[in-house]
Amino acid sequence: MRKVVKALTIAGSDSGGGAGIQADLKTFQELDVFGMSALTAVTAQNTLGVQGVYPMTVEAVEQQIDSIGSDLGADAVKTGMLFSSEIIQAVAGKISEYGFKNLVVDPVMIAKGGATLLQNEALIALKRYLIPLATVITPNIPEAEVLTGRQILNMEDRKRAAKMLFGFGAAHIVIKGGHDENREAIDLLYDGNEFVYFSSERIETKNTHGTGCTFAAAITAELAKGSTVNEAVQTAKRFIEAAIFNDLGIGNGHGPTNHWAYRRENK
Ligand code: PXL
């Protein structure tokens, strides 16, 4: 029988279906990976914004990971919205306990409309406990600025930030270019040794809700299947490009991306 590849997302729920665990599970499925989830928080949310945030208890988060770790296992794990330092410490502890490999940490901090998805004091726990376990971390430019405490105005700044983040203990750093102002969207990958650039044409659209989650989930799915980080980022870039380009135009605000576009393009 063919081996079933499995991935676990430890993240928040987006009721609107565009980001969070919903984006992760859809992306895993589209890339032929069996998706599992441990919820850290429930958000009441739509394309207009976040109407409510309800964190889970630490026990609930731990127990979900125990349920998966003690039975199904996972070939890769992604973290998204973690909300508090208590949840971060618990998640890091469980990842170590079960020896999960291929950890992708998406350092989610704020939602597009400004809602807090990570409490300020949780930044220390993120750096101390979780980032050192990461195979890949995937900050956007504002998140990389917060993590390093340095402004990023150009590619030189970005390379310096990648080196600092590597110093925090992550094996690979991807600083995404979605938030800069250039015509091309360039993602920068650093492995402690060399820099690799992944470039694509910037697509003008307001429907970019969940792009970060989706991109990191695609990396996770590809790592679960045994790809190298370089290959995984390449595929994730193509996945998110198709998802943004073929947006669905649903909702009245910042709409979700199209998670089935990549598969349709590659059928
Ligand atoms: O895209 C970051 C993100 C992650 N997780 C949840 C979210 C969002 C953005 O809104 O709602 C649950």
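1. Start with the ligand: G12, S13, A19, G20, Q45, M81, V108, A111, L117, H209 and C213 surround the ligand, each with a heavy atom within 4 Å of it. By class, this shell holds six nonpolar, five polar and no charged residues, with Gly counted as polar and Cys as nonpolar.

2. Do look at Q45, where a side-chain N or O atom is 2.6 Å from an oxygen atom of the ligand. Of the 310 Å² of accessible area that the ligand has on its own, the protein covers 92% (Shrake-Rupley method, 1.4 Å probe).

3. Please keep in mind that this is a predicted model, where local features need pLDDT of at least 70 and side-chain atom pairs count only at pLDDT 80 or more, while totals for chains, interfaces and linings use all residues. Residues are numbered from 1 along each chain, and side-chain values use heavy atoms, without hydrogens and water.

4. Eleven salt bridges are counted (a Lys or Arg side-chain nitrogen within 4 Å of an Asp or Glu carboxyl oxygen). One of them joins K78 and D24 at 3.0 Å, N to O.

Note on methods
A polar contact is a pair of N or O atoms within 3.5 Å; within protein, one must be able to donate a hydrogen and the other to accept it, and residues adjacent in sequence count only if both atoms are side-chain atoms.
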